[in-house]
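User: I would like to go through this structure with you, one topic at a time. Could you start with the terms that we shall need?

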Amino acid sequence: MKAFGLIFFVTLFLISSCSKDRNFDEREIHLISPEKISGFDPIHASDTYSGNEIGKVYEGLYEFHPLKRPYELMPNLAESLPTVSADGLVYTIQIKPGILFHDSSAFKDGKGRELKIDDVIYSIKRLADPKLQAKGWWLLDDKIVGLNEWKEKNANLPATNYNEDIEGLKKIDNYTISFKLKKPYPQFLYALAMPYSFIVSKEAVEHFGKEFLNHPVGTGPFILPVFQQSNRIVYTKNPTFREKFYPSEGEEGDDKRGLLADAGKRIPLVDKIIVDVIIESQPKWLSFQKARADLLEIPKDNFDSAVLGGKELAPELKSKGMRLFSNAQLDVTFFSFNHDDPILKNKKLRQAMSMAWDRNEANKLFYNSSAVEAQSVIPPGLGGYRKEFRNPFVKYDLEMAKKLLAEAGYPNGKGLPAIVIQTRNETVSRQMIEHFAKNLEKIGITIKVGMNTWPELVNKVTKRQHQMYTMAWGADYPDAENFLGLLYCPNASPGSNGANYCHPEFDTLFKSATVLQDGPERSAFYEKMNEMVATEMPWIFGFNRTKFYLSHAWLKNYKFMEFNHSQFQYLNVDLEVKKELSKKF
Amino acid sequence: MNKNSLWKDAFYRLAQDKLALISILIVFLYFFVALFSGLGWIASNWSQEVGASNLAPSFDHLLGTDIFGRSVLQKVIRGTQVAMSVGAAAALIAIPIGVILGALAGYFGGWIDDFVTWLYTTFSSVPNIMLLISITLILGKGIFSVYVALGATSWVNLCRLIRGEVLKHKEREYVQAAGAIGGGHMRKLFRHILPNVSHIVIINTSMQFQTAIKSEVILSYLGLGVQGEPSWGTMIDDAKLELVRGVWWQLAGATLAMFFILLAFNILGDALRDALDPKLKGK
Amino acid sequence: MTKYIIRRLLYMIPVLLGVSLIIFVLFNLVSGDPTAVLLGKNATARQMADLREQLGLNKSLWLQYLDVVKSAFTFDFGHSWATKQEISKMILQGAYPSLCLSVPAFVISTVLSLFISLFVAYYRGKGIDLFIRVLCIAGMSISALAYILFFQWFFAFKLGWFEISGFDPEFPHFISYVALPAIIWIVLSIGPDVRFFRTVILDEIYQDYVRTARSKGLSEFTILLRHVLRNALIPIITYVVIQIPSLILGALLLENFFSIPGLGGMTLNALNASDFPVMKAMAILSSVGYILFGLLSDILYTIADPRIKFN
Amino acid sequence: MSLNNLLSVKNLTVEFQTSEGIIRAVNNISFDIPQGKTIGIVGESGSGKSVTSLAVMGLLQKPAARIPSGEIYFNGQDLLKLNEQQMRAIRGNDISMIFQEPMTSLNPVFKVGEQISEALRVHKNLSKKEAWEKAVHLMNQVGIPNPSSSAHKYPHEMSGGQKQRVMIAMAISCDPKLLIADEPTTALDVTIQKQVLELLQKLQQEYKMSMMFITHDLGVIGDIADDVVVMYRSNVVEKNHAQTIFHSATHPYTKGLLACRPKLGANPRRLLTVSDFMTESGEEKIVPVERVQVFDKEQEVKSESQILLEVDQLVTQFPIKGGLFGRTVDHFKAVDGVSFKLKKGQTLGLVGESGCGKTTLGRSILRLVEPSAGKIIYDGKDITHVYHEELRQLRKKMQIIFQDPYSSLNPRMTITDILTEPLNIHKVGANKNERFDMARELIEKVGLKSNHMSRYPHEFSGGQRQRICIARALMLRPEFVICDESVSALDVSIQAQVLNLLLDLQQEFGLTYIFISHDLSVVNFIADEVGVMYAGKIIEMDKASRIYKNAKEEYTRSLLSAIPKGLARETRP
């Protein structure tokens with residue numbers, strides 16, 4: 001019996017001793033992705049996490065400025081901002097010469113060739129290719145002259161014909177293109193900054209064929225020769241990356257925060273980025289505590305042990321040099337009704353349900369009181385949001401809720417069938433609905449939880465097979481149109497308006513507002529629409545959430561950013577601090 | 001009429017084994033707890049808030065409270081009802097299918113035997129977890145589909161065992177004697193052979209019970225388990241987020257509750273096999 | 001011998017057809033319409049129709065069933081809906097990490113269980129026998145999820161003996177990643193193994209040839225190791241070989257929590273993403289594995305037991 | 001403790017700790033085994049003879065078995081005082097043992113040669129090669145054909161007799177001083193039994209070893225033992241030279257044992273049983289004169305009754321599977337063209353060695369096994385191809401009693417259920433009570449008490465269970481009963497009681513019997529006519545006495561000569 005004990009402990013010691021000793025002289029950054037990475041094909045980058053990885057390897061014509069707030073576009077592959085025609089339909093863009101693709105076996109003798117405008121045209125066409133069923137197609141659907149017709153034509157052909165010219169994508173010369181839109185589309189530049197429209201090369205697509213999504217060949221700051229379906233992805237610095245410099249000015253106060261220390265330096269500032277895919281929150285949190293990762297989005301449940309009183313860092317974390325970043329997100333959570341359902345068309349009922357929900361308690365339980373109660377659809381930080389506006393029905397008042405419910409024809413819930421709210425089968429979402437159900441039980445309304453995998457949920461919403469569902473909508477680009485579109489009648493499912501909500505007056509305002517360029521006039525329109533629809537209660541408005549990030553002392557130049565797929569090239573690491581602090585972990 | 005049949009004799013031998021006795025007591029205890037909570041006598045108000053959220057175990061809240069301030073102890077008791085019902089339902093589905101198919105295959109042989117053997121070989125080839133998941137997907141989420149899924153996967157083992165045992169007993173002389181006095185196939189099978197292989201059913205059921213309970217936890221983790229009712233599976237699933245922030249009592253409560261009943265079933269299974277299986281008598 | 005193998009192989013075909021039927025019914029009929037999922041937001045009806053065509057969902061049910069059967073032989077499972085990756089490639093890449101965890105864990109747990117059951121059989125009836133058996137049963141009476149949560153928190157984080165999660169394909173380092181999940185696997189599987197091995201060994205100990213061996217003056221220990229073990233190995237081999245196919249599927253929970261990119265984790269992700277082709281592929285893979293290893297265990301059984309002739 | 005005694009057992013007592021309390025298996029017994037002599041220990045099952053041998057070998061399972069008192073001197077050394085280490089040096093070396101069941105006593109997965117050489121390598125630490133050669137030599141010595149190739153065989157490739165020879169080779173491999181043989185020939189056919197006994201005697205001379213021969217068969221003892229120890233219910237009731245035991249036994253139990261053994265020459269109407277000589281508690285009873293008289297059955301004139309059963313060229317064959325798909329390649333003819341006639345009230349004996357087809361013949365007649373060809377005419381009607389309802393009615397007239405009492409009763413039914421079942425099937429008797437009475441009447445007729453009715457089979461002894469089987473067979477008042485080895489599994493004294501019961505019932509119900517057995521002396525006693533079967537055919541059929549006096553067939557004569565006579569040889573010089 002003793003022999004067993006001895007052997008057991010010897011092997012245990014051996015195992016723990018041969019774990020890799022962490023070297024400190026490599027300039028590398030460790031990041032965590034909470035979801036599995038499906039692949040590196042820009043046109044399929046529908047979830048933010050795949051977008052973040054693609055942003056390290058591919059690039060778009062434009063990019064959000066890493067520091068300036070509110071968010072602002074800056075040229076990336078493009079030489080400068082586009083010259084737009086008077087009627088706002090023709091955008092002429094010039095790209096920088098001398099930009100090289102990554103070296104790859106797809107090109108002649110393995111050397112990456114220079115980026116040409118043909119590649120931009122090819123990438124946009126590829127987004128429209130009917131054979132590829134690109135998820136990002138909604139971005140340019142019915143926007144560029146001749147593109148939809150080209151797509152329709154090729155749908156019946158056995159193979160898509162890329163050589164055909166499209167009126168809306170006119171090549172002026174090797175470095176200049178002029179886009180021709182069907183109708184004004186002020187968000188067009190944002191579309192060119194999203195991963196869907198990042199630039200790929202024709203040779204790589206044809207060379208790798210089916211395996212293209214595992215062999216990214218872009219122009220970005222980092223290279224990834226091949227993507228293994230493993231939980232660790234290692235990016236190395238792109239040797240042939242063009243001259244790109246760290247911006248020298250940012251938001252007011254950035255220099256005090258040390259964000260301009262590397263101003264003017266050539267980026268990328270590190271040699272390697274290592275991304276670990278960790279799905280469960282416990283291993284995620286523990287890995288960060290053991291300094292296996294430099295940056296962590298704090299999972300809801302580890303919040304209490306990290307943040308005191310919702311504001312500053314817990315002492316034992318501060319002693320290890322960790323820093324806390326808390327920033328409002330451009331998002332809104334909501335319980336959406338299905339307006340096809342006659343019962344839910346009853347406005348009074350919707351208002352009663354909203355007033356019976358104790359948002360304050362929900363905020364405490366699920367967001368550690370860090371979120372802001374959403375008054376309507378537009379989140380703070382976008383044009384059209386007025387801080388002073390208060391939605392009369394976003395208030396916890398049981399008496400009023402009971403009165404409204406009676407007026408709605410269901411005195412303390414009698415006659416109202418049980419309502420099922422569909423959600424994703426995640427523990428937190430289930431608990432939120434259970435809390436909502438507990439609150440509504442007080443006024444006699446029974447709520448049931450419907451658990452679904454993500455695709456099942458999307459399926460039910462698109463096919464209108466639900467009474468209510470819960471969702472959080474994050475901004476695709478910093479423009480309130482992205483949120484207002486969720487209530488625009490023509491967008492009803494299978495479009496993005498999952499509530500299938502129609503409000504004629506709202507729709508006319510939407511049509512006229514979204515054509516205008518960004519400016520005070522458009523913001524006034526957005527404001528009017530936002531407050532008009534608020535009292536209608538198309539959804540039960542939830543929260544605008546705050547995101548909390550923790551970073552170790554040696555991670556430099558980090559600033560919270562909503563559209564952060566191209567942010568990682570600006571990060572830096574301070575090796576001395578890392579070496580000295582590592583002893584503490 | 002002193003009725004000391006083989007069953008009484010077996011029970012007498014079982015009573016010798018103290019551990020088996022304790023296990024039987026535990027099983028009955030859990031059964032009654034499940035029954036009472038099912039009838040609503042106890043833990044029917046599990047969803048009431050009894051204190052602040054995530055209170056540590058204290059005198060008035062023996063197992064503390066969960067995220068919504070509901071008593072973990074009440075949820076554990078309620079969870080017993082789910083666990084025992086999952087086990088019982090799986091057994092109720094598996095026993096008839098397994099016994100009838102196994103008996104027919106073992107007794108009649110020929111093409112019936114080939115068909116039944118093909119059926120259970122095919123069913124046992126598909127990995128259990130896959131069957132469980134896909135059946136719950138078909139029937140939709142909820143306790144009913146958990147019952148059916150577990151029942152559909154647990155009859156295979158019983159069928160194989162019963163078939164083997166019936167094959168052996170078919171040759172025994174008391175069966176041929178029954179034939180000699182004019183008894184037909186049905187009498188030979190159901191009056192003579194099945195009572196003599198029924199101990200297999202009991203032993204196997206106690207083993208299947210604990211597999212069913214453990215499967216329910218996995219299904220809850222995958223989001224396919226019981227909806228709306230607290231079950232040990234959902235409690236452990238919640239715990240996976242809480243352990244790191246020091247909320248250990250929900251995990252401890254559910255795991256402890258499961259530990260005793262699973263331990264009881266396992267020990268009972270072994271003891272029953274020694275007591276009932278004539279071959280192993282007196283080991 | 002070959003005649004026996006051929007007959008067994010022929011017998012495999014109806015089982016394979018049966019398995020494909022079950023998988024076809026479970027997955028093809030249930031999966032419903034994937035197009036809405038794959039195309040995401042505001043997909044046009046036209047796009048949906050093209051996709052249905054591309055995925056072969058418009059074929060007759062019979063043809064779809066034949067596809068399932070074909071994939072059982074060719075292992076060409078098409079593409080995953082969620083990640084667009086080539087499934088057979090995903091399986092190849094996922095196999096290595098899965099096996100890095102499951103093979104050592106399986107081997108150690110089997111060998112350990114054999115030692116413990118021999119030890120327990122030698123001291124049968126005594127206190128130590130009961131104590132160890134109850135210990136093993138207690139081990140398996142705790143849910144795997146509870147083990148994972150506690151062990152990861154205590155051993156990996158608090159004591160820091162192991163890596164918390166992740167995987168490193170190089171040889172010496174993957175041990176520190178795989179050790180903790182392997183230990184959990186062993187603790188969970190020792191219970192059932194010891195119980196089965198002990199019953200098999202006890203059945204042999206009460207046979208007549210053991211009494212003859214004792215009358216030859218052999219010590220109880222040699223009898224146990226030479227005579228009893230050699231006979232007990234026959235049913236043990238079958239029991240062990242049958243479990244090998246389940247190794248491919250790996251431990252779903254362990255891989256998910258310890259972020260090991262194995263086939264188990266892949267299956268779990270496929271479930272969460274309702275990615276039916278991957279789940280179907282994994283079901284077919286492990287079923288074919290189960291049938292092949294079932295045949296292997298039969299053959300090993302007949303080789304190990306001289307009494308069985310190949311009539 | 002005289003010098004030339006190799007083994008002396010002094011007041012040995014052995015007790016077993018069981019769930020029902022302490023059972024004393026051996027009660028204060030003493031006996032000696034002189035050098036070079038053979039001691040026969042005879043007694044019925046449960047008499048403690050096997051336990052004694054295990055005590056000498058030190059093989060009693062420790063926790064359950066306890067030896068409160070007594071010594072066992074071997075070569076002047078008390079074996080009970082030795083520790084396990086020292087005992088192991090003797091076991092298999094100086095004292096070795098062979099057992100009753102050759103089929104299961106050899107390890108199925110090791111070659112025979114290996115198992116024989118194992119003792120040599122342990123005790124004489126010979127090399128693997130030397131031990132193998134010695135094993136081959138030993139196999140030759142015990143008469144196994146071409147030993148060098150047979151050594152490579154596995155146990156399942158050898159017959160029962162050959163396996164027993166292997167056991168003997170194994171036992172004598174280290175030329176032991178004492179060989180213990182626990183019922184070595186009981187499971188063998190009588191011809192093979194004769195060869196094995198002769199082999200043992202030859203080896204005893206060669207190796208000058210003493211032998212402790214344990215059996216329940218007095219005939220075997222007569223052939224082989226110098227001295228005899230008679231054990232009854234864990235006590236030694238008599239021990240003496242073989243000569244005196246056989247001719248002038250003193251203890252009533254010994255007398256009873258000698259008397260109840262049917263002898264080939266004699267032709268008594270009924271057998272004496274132990275209970276005629278001794279009361280339950282052990283006192284002697286004077287045997288009433290009329291029971292002892294012996295007379296020839298011939299004189300008893302049987303009325304010329306008509307033929308009840310005629311079997312004409314009956315063939316029953318079983319397919320032998322082979323080839324790739326298990327197609328039937330060949331047929332094994334268990335019953336190969338059997339014809340005979342059986343008069344009402346008569347008893348036909350069928351005797352033959354195992355595998356001669358006698359059981360299959362019985363089962364075919366009753367249609368429990370479907371015959372392949374030939375005709376069965378019962379009471380004038382051809383019943384070969386009769387099915388369903390008609391066959392079921394036939395069951396009322398024809399019945400069978402099986403061999404193994406432990407397996408022919410459903411363990412989970414009470415005796416009442418077992419007996420009333422045939423009545424329920426055939427709807428005989430108006431209601432439950434009437435059926436219960438009919439059952440009670442028969443239970444008493446077969447010699448059991450009515451309060452046994454509510455008990456379960458596992459609460460009865462072998463003999464009692466066989467009586468229940470007989471009662472069940474007679475519930476439907478059949479005319480014709482097949483007894484398939486019905487007494488082979490019983491102890492000699494119980495066997496005599498059951499045979500007498502069968503005769504009484506034949507008298508009372510006018511039954512016609514077919515009595516199947518491998519034991520010629522039992523068949524000779526009970527049967528009017530005897531058919532000797534070999535390889536599926538009846539090679540000879542005649543009056544029992546005529547078969548015994550001048551059998552025509554060579555095979556029958558070899559069968560008769562192989563039966564141990566039970567007359568003691570003069571003691572050897």
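Analyst: Buried means under 20% relative accessible area, exposed means over 50%, and partly exposed is in between (1.4 Å probe, protein chains only). This is a predicted model, in which local features need pLDDT of at least 70 and side-chain atom pairs count only at pLDDT 80 or more, while totals for chains, interfaces and linings use all residues. Residues are numbered from 1 along each chain as its sequence is written, chains are lettered from A and ligands numbered from 1 in the order in which they are written, and side-chain values use heavy atoms, with hydrogens and water left out.

User: How many disulfides does the structure hold over all chains?

Analyst: There is 1 disulfide over all chains, where a disulfide is a pair of cysteine sulfur atoms within 2.5 Å. The bond joins C489(A) to C502(A), with an S to S distance of 1.8 Å. The link of C489(A) and C502(A) is right-handed, with 65° about the S-S bond.

User: Where do C489(A) and C502(A) lie?

Analyst: Both C489(A) and C502(A) lie in the loop between α15 (481-484) and α16 (504-513) of chain A, so the pair ties together parts that are 13 residues apart in sequence. Helices (H or I, at least four residues) and strands (E, at least two) are DSSP runs, numbered from the N terminus.

User: Is C489(A) buried or partly exposed? And what about C502(A)?

Analyst: C489(A) is partly exposed, because its relative accessible area is 21%. C502(A) also counts as partly exposed, at 43% relative accessibility.

User: Staying in chain D, which way do the residues of β16(D) point?

Analyst: In strand β16 (residues 398-401) of chain D, M398(D) and I400(D) point one way and Q399(D) and I401(D) the other way, and all are buried. β16(D) pairs with strand β17 (residues 480-484) of chain D in the parallel sense, over 4 bridges. Two strands pair if DSSP finds at least two bridges between them. Within β17(D), V481(D) is the bridge partner of Q399(D).

User: Now to chain A. What is the order of the open sheet of 3 strands?

Analyst: The order is β11-β22-β14 (chain A), and the pairing is antiparallel. β11 (295-297) and β14 (323-328) of chain A stand at the edges with a single partner strand each, so one side of each has no neighbour in the sheet. Neighbouring strands of this sheet are turned by 20° against each other on average, direction ignored. Axes are lines fitted to C-alpha atoms, for helices over the stretch in contact, and angles run from 0 to 180 degrees between N-to-C directions.

User: What packs on the sheet?

Analyst: Helix α7 (residues 281-289) of chain A packs on the sheet and touches β11 and β22 of chain A; the direction of the helix makes about 150° with that of β11(A). Contact means heavy atoms within 4.5 Å.

User: Which chains share the most contacts?

Analyst: Of the 5 pairs of chains in contact, chains A and C share the most contacts. Chain A and chain D do not touch, and their nearest C-alpha atoms are 23 Å apart.
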